[in-house]
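Please open the structure in your viewer and keep the selection tool at hand.

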Amino acid sequence: MSNKRKAEKAVADSSKTKQRSIVNFFSQVKKETVSVELSTTKPHHINQVQLNNIIQKEVEPSSKVVEPTKLDQTKLGQTKLNPTKLNPTNLDPTKLDQPKLEPTEEGLATTTEEPQFFTNSMYTDEFNLMLQTVLEGEQFLFDQEENRIFETFQALKDEPRHLIVRLLMRKLGWIKRDKLKYQAYINDMDLAVEDLRLNGFVLTSLNDINIAIHLLTKDELKNIIKERNLTLSVENPKKGDYERVLLEFGSNMTEDITTHYTLCNTENSKMKKLWESIDNYLGPCIRVNDEIYKLFQRLQIVYYRTNKALDTNPISTSILAKISKRNYPEYIPSRSHMVWNSRDDLLRYEEALLVEREYEISIEALTVSNQTKTKKLIISADTKSRDCMIKSWTICENTIGMWDDCIIQKELEGEFIRPYYMRRFEAGWIYTRLLDHGTTLLAKMHEYELESIILQKLISQNFYRLGKRGKWYQRLALVQSKYLNKDQVRTQKKLALKTCIDAIHDPRVHQIYLHGLYKRINSLEKDLCIPRREQHQFDYIALKKPKEITIHGERISPEVTGKKSIWRANDGSECSVEYVAIEYYRKQGFKGLHCENGIVRMIAVLLFWDIIFAPIPGVFETQYQTEPLDLRTDAFYEGRLDIISVRLSEISEGGYKDIILKVDERERPRNTVCTGINWNYKQQDILEIAECIGPSSLASLCQLLFEDFGHRQGGMPDLCCWNYEKKECLFSEVKGPGDILSETQKLWIETLTGFNIQVEVCFVKEWKGDDVLLEVSTKKQ
């Protein structure tokens with residue numbers, strides 16, 4: 001080869017090498033970025049897959065890599081990439097003489113070049129911080145062996161630690177090693193796996209043929225069946241059909257891999273060949289040790305103060321905060337270290353969460369999502385649904401003994417009982433919530449006698465879920481009067497009357513339930529023919545009848561009970577019944593929002609922002625709270641009475657606009673996640689509505705909300721309408737055909753009217769005038 005050709009080949013090889021380096025960098029950036037937006041107005045818990053889809057950019061510090069610029073992923077697979085816009089290495093890419101890179105369907109051309117490597121991971125850093133924080137103040141919650149495991153974890157090298165952290169964030173189970181795409185953090189996967197195995201963190205020997213077959217893909221199962229000459233008598237078979245054939249073949253012999261090494265007879269020989277085929281497609285597998293997984297789940301419960309059964313990946317909260325996809329309010333967290341007084345308390349709490357999670361999973365088969373994206377139980381009489389309900393109720397029923405033990409323990413505490421808002425971290429709170437759900441199941445199954453027993457047990461305790469007592473009283477009275485011992489109607493109505501009277505004398509029953517109880521008492525006393533002079537008189541607290549108007553619209557959807565109706569808007573499009581009312585109010589000169597309590601609650605939270613996040617001991621346990629722990633209890637108002645009184649005076653004197661503006665301008669650019677806040681509401685609308693409500697009425701409304709924030713959310717009128725020029729604010733409750741006001745809605749209407757705020761009920765009826773005229777015209781002809 002001539003020197004000239006050698007030089008040309010060297011230049012070409014150099015150009016290809018540089019091109020592969022940049023292609024590899026783009027591949028790494030593509031891997032680290034996704035284009036999924038996260039709504040921060042309604043924080044929710046997500047799993048690891050969803051978290052990876054949310055993170056647009058996870059570029060972590062490394063001694064080998066310069067942090068790249070953010071890419072627009074939506075254009076990544078559509079347009080040619082200009083490598084001069086990024087700097088993947090210390091070289092200047094503008095000086096590289098190379099052609100433009102053409103993206104493939106997957107985004108960029110594949111390459112065998114070694115990927116960029118990161119020495120740090122934000123996931124691992126978060127686990128390290130979590131472990132360090134818990135061990136500093138709550139190490140007593142873990143025994144000697146668990147603390148030894150924590151020490152072993154801290155002593156792991158970087159790559160094995162990165163791997164175990166990623167595995168702990170996945171769902172527990174066997175995973176094919178080729179599915180682990182962590183090359184950006186782990187150079188030697190075999191060495192990392194072996195290190196974890198020797199330390200007891202993972203298992204690598206899969207001996208169960210059922211699990212092994214389930215891990216294989218449909219095409220892999222199909223190939224194995226062909227290799228073993230098995231028949232499949234199903235047209236258009238699915239993966240489950242292939243699995244069933246192999247499992248039937250395996251069950252005729254043995255399910256243990258030990259036969260892989262033994263050839264005692266023909267069956268063992270067949271099993272050996274089947275395992276060889278499975279091993280050929282399956283490859284090495286890995287699974288986190290069950291005890292290790294449970295321990296680190298418990299660690300997350302302690303660190304994040306988990307209180308929801310299905311919150312299985314709370315670490316996503318902190319990761320989203322670190323990458324600025326979710327900004328939390330600024331406050332001073334103060335860990336009390338006494339959320340659980342002992343290890344036994346923590347273990348009971350963890351067990352309660354696991355039981356509730358089992359219930360939530362079992363009940364998923366009975367839930368459907370309606371048009372409002374909420375869930376409700378299916379009411380079905382078929383055998384399958386009832387069996388599922390019986391199974392779910394059995395889970396609840398098995399907790400009654402443990403719940404009784406929790407109540408007895410609370411009674412023994414006497415005057416040393418903990419603050420109410422801290423009881424949510426006790427097993428008794430979880431079991432009470434579970435039994436409350438169980439009463440709903442019993443009602444669906446028409447097991448009224450058992451339901452009444454559980455309701456009486458819930459009412460008999462005064463420690464957990466006190467805000468639900470009014471609901472329990474109301475339901476118990478209904479069951480007693482309507483469904484029990486129908487041959488002894490008078491006796492049952494007397495029991496129901498006693499239940500209602502006990503309820504109105506119970507100081508823990510919230511006001512929103514009282515009017516319904518008053519009506520039931522009057523109805524029962526009339527049914528029992530109690531003399532007028534001996535009946536309860538509630539006339540002095542009777543709710544005033546609100547102002548009512550009636551408008552007409554064109555209904556599109558048929559009348560179906562339980563389904564939201566569809567109407568026609570003025571422009572001919574489909575709309576809700578509330579929008580029909582908004583169009584009416586616009587003609588009257590009002591602006592309108594269908595927000596129910598949303599806009600009022602947001603105004604109140606903006607006005608009380610610094611009070612909500614004031615540094616009160618024991619109410620901010622982590623950095624990732626959207627509200628203090630005591631906000632939804634009566635302890636919130638009582639514990640901040642002085643500063644609340646000052647703020648109410650400022651609002652009454654007209655200083656509310658400056659407070660709202662200051663907080664809004666500070667928090668809106670951050671899109672801060674906070675209870676009661678929805679940044680979709682415009683700042684101008686918020687200020688105009690607050691001014692139209694007026695300072696005195698606004699102060700009274702804020703006081704009402706924060707006196708009992710947890711129970712004064714539902715029942716607000718549907719629409720908030722205002723005319724800024726006339727400084728008028730109007731709340732309107734919209735009712736379609738057949739709808740009536742609930743007791744809570746009546747109470748809110750009465751309350752708002754008492755604050756000098758205009759309220760009315762807007763009945764929307766279907767317009768049938770054209771049909772009537774057409775019918776009359778036909779008769780005349």
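Is Lys547 buried, partly exposed or exposed? Lys547 is partly exposed, with a relative accessible area of 48%; here buried means under 20% relative accessible area, exposed over 50%, and partly exposed in between, with a 1.4 Å probe and protein chains only.

The model is predicted: local features need pLDDT of at least 70, side-chain atom pairs count only at pLDDT 80 or more, and totals for chains, interfaces and linings use all residues. Residues are numbered from 1 along each chain as its sequence is written, and side-chain values use heavy atoms, with hydrogens and water left out.

Next, select Glu760 together with Lys547. These residues form a salt bridge whose closest N and O atoms are 3.6 Å apart; the term denotes a side-chain nitrogen of Lys or Arg within 4 Å of a carboxyl oxygen of Asp or Glu. The pair links distant parts of the chain, 213 residues apart: Glu760 lies in strand S12 (residues 758–766) and Lys547 in strand S6 (residues 547–555). Strands are DSSP runs of E, at least two residues, numbered from the N terminus. Glu760 is buried, at 4% relative accessible area.

Now move to Glu667, which is buried with a relative accessible area of 3%. Its side chain meets that of Arg666 in a salt bridge of 2.8 Å, N to O. Glu667 also forms a salt bridge with Arg670, with 3.1 Å between the closest N and O atoms. Arg666 is partly exposed at 38% relative accessibility, and Arg670 is partly exposed at 25%.

Finally, select Asp143, Glu146, Arg298, Arg343 and Glu350, which a network of salt bridges links. Across the whole structure, a search finds 42 salt bridges.

Definitions and conventions. Helix = DSSP H or I, 4+ residues; strand = E, 2+ residues; numbered from the N terminus.
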